[in-house]
Structure formats: C-alpha cells, structure tokens
Amino acid sequence: MWLAEVDSTQAHVFHLAGEGAPDGTAVIADVQTAGRGRRGRTWQAEAGTSLLVSLLMRPRLPTPQLSLLSLAAAVAVAETLTDAGVSARIKWPNDVLARGRKIAGILLESRVGAAPVVAVGIGINLLQRGFDGDLEARATSAYLETGRTLDRAELLMALLARVARWRTCLETEGLAPVRQRWLALSDTIGSVVSIDGVTGVARDLAPDGALLVDDGTTVHRIVSGVPDHAAGR
Ligand code: BTN
C-alpha cells in the first residue's frame with residue numbers, strides 16, 4: 001500500500017496487523033508526519049525525497065531471535081544500495097553508511113504474543129541534494145553518492161526481493177550465512193566504538209548476533225533488542 005502521507009509507516013503496519021493483514025504486507029509513504037527512529041528518536045524526511053517503507057512480518061523464529069532480522073535487513077539494504085551504485089557499508093547493528101555518512105536507517109519493532117508481529121521499518125535517503133545543520137556532516141543520499149536520481153519504485157522492488165531473500169535464509173539456515181555477509185559489509189569490525197557505555201575495539205559478531213567489543217580488559221557482548229511496540233506507546 002503506497003500512501004501520500006501517514007504518521008508513521010510503522011504505526012500503520014501495526015494497525016493493519018491488528019486487522020489481520022498478512023505476512024509481507026508493505027506500507028510505503030511519500031511523507032511521514034511522525035516518523036520514528038531508533039532509541040525513541042524521530043525520523044524526518046521531506047516529502048518525496050526518501051524511500052520510507054515498513055514491512056509486516058510474522059516471522060518463523062523464536063522470540064529471542066527476532067532481533068536477528070535487523071542484521072538480515074541491514075544486509076538487504078546495503079546490497080540493494082550497492083547494486084544501485086552506492087558504496088554502502090553497515091554500522092552496528094543496522095545503520096547503512098556511505099563514505100562514513102548515514103544513508104539509511106532501520107527500525108525493528110515487535111508485538112509479541114502467541115504469534116509475534118514484527119514491523120521492519122526502512123528509511124533510505126534518495127534524492128536529498130544536501131542536509132541542514134549538523135546533519136550535513138553525518139548524512140548522505142543516493143543522489144549525493146551517485147549523482148543519479150534513482151527511481152523509488154524500482155529501488156523498492158529490488159529492496160523487497162533482497163529482504164525476502166535474507167529473511168528466508170535466516171529462518172531456514174540460521175544466522176551463519178547472514179552473519180558472514182554482514183561481516184563482509186561491516187564498517188564496524190576493527191574500529192573503536194562506544195555503545196551502551198562500553199568503549200573499545202569491535203572485534204567480531206558472535207554466532208548469536210552479539211557484537212563483541214574489547215575494551216583492553218574484557219570482551220563485552222553488546223546485544224541489540226527489538227522494542228515492544230505496545231510498551232513504547
Ligand atoms: C534509525 O533511527 O536509524 C531508524 C530509522 C527508521 C526510519 C524508517 S522510515 C520508515 C519507517 N517508519 C518509521 O516511522 N520509521 C521507519
């Protein structure tokens with residue numbers, strides 16, 4: 001469903017899920033009036049400049065493994081952008097960067113219960129010619145990276161195919177193939193990071209998806225969770 005305007009495609013996905021919408025339902029919007037980012041932040045994009053999409057998933061995964069979908073989604077976004085000519089890299093857990101600047105963000109929210117629902121929200125900066133204020137140094141768009149105006153519908157189709165592929169891979173083969181691809185696309189491993197109060201060198205992605213950060217004394221396991229949508233309201 002492609003909407004001209006919505007509060008948040010995430011909220012709309014949960015609304016549709018409540019009405020029994022099927023697995024794989026996609027909500028796309030030209031503009032959001034209350035776009036949501038990770039850690040309670042907002043996500044703003046001028047009308048028509050970005051690909052804003054949320055996918056409804058009823059994953060065939062145990063609840064503790066739902067957060068692994070964010071790694072699969074990051075791989076899918078990075079590969080889609082790479083195919084479109086952007087040198088995309090993944091920053092833990094699922095920011096997608098180009099030349100060290102953020103080009104796409106991914107937000108997973110869940111509603112757990114007898115049959116968990118996950119909303120996988122993806123925002124990709126496509127057509128922005130520049131960014132204001134402190135974003136100027138931290139954000140980029142596909143246009144700024146390639147000099148080309150990518151077609152949103154075409155990119156969406158490519159993205160949906162990649163997400164479906166990596167999601168199925170996770171559900172049927174476990175994390176190993178996703179982890180291998182995530183590591184190959186990672187901008188994080190080997191660099192110094194500061195996450196959840198831990199500063200050190202990111203050494204590896206553990207087989208269960210935790211980031212292993214070495215502060216010189218201890219190797220810390222950093223785990224990325226999926227916030228419960230209902231609890232966040
Ligand atoms: C982040 O903070 O990096 C995650 C940003 C996720 C933004 C996308 S845009 C489509 C979907 N709808 C939302 O309200 N948020 C996500």
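**Helix crossing and ligand shell: group meeting talk**

Helices α2 and α5 are oblique to each other, oblique being the class left over once angles under 35 degrees count as roughly parallel, over 145 as roughly antiparallel and 65 to 115 as roughly perpendicular. Hi everyone, before the details: this is a predicted model, where local features need pLDDT of at least 70, side-chain atom pairs count only at pLDDT 80 or more, and totals for chains, interfaces and linings use all residues. Residues are numbered from 1 along each chain as its sequence is written, and side-chain values use heavy atoms, with hydrogens and water left out.

Back to our helices. The axes of α2 (residues 68-83) and α5 (residues 176-185) come within 9 Å and cross at roughly 50°. Those axes are lines fitted to C-alpha atoms over the stretch in contact, with angles running from 0 to 180 degrees between N-to-C directions. Helices (H or I, at least four residues) and strands (E, at least two) are DSSP runs, numbered from the N terminus. The crossing is left-handed, that is, the near helix is turned anticlockwise from the far one by less than a right angle.

Now, the ligand. Which residues come nearest? Of the 20 around it, they are S8, T9, R36, R38 and K102, where near means a heavy atom within 4 Å. For K102, a polar side-chain atom lies 2.5 Å from an oxygen of the ligand. Taken alone, the ligand exposes 410 Å², and the protein buries 98% of that (Shrake-Rupley, 1.4 Å probe).

Which elements give two or more residues to this shell? They are α1 (9-18), β3 (50-57), β6 (101-111) and β7 (117-125). The largest share, four residues, comes from β6.

Two backbone details to finish. The peptide bond from W92 to P93 is cis, with omega near -10°, and P93 lies in the loop between β4 (88-91) and β5 (95-98). Then there is R39, in the loop between β2 (26-32) and β3, whose phi is near 55°, a positive value in a residue other than glycine.

Methods:
A polar contact is a pair of N or O atoms within 3.5 Å; within protein, one must be able to donate a hydrogen and the other to accept it, and residues adjacent in sequence count only if both atoms are side-chain atoms.
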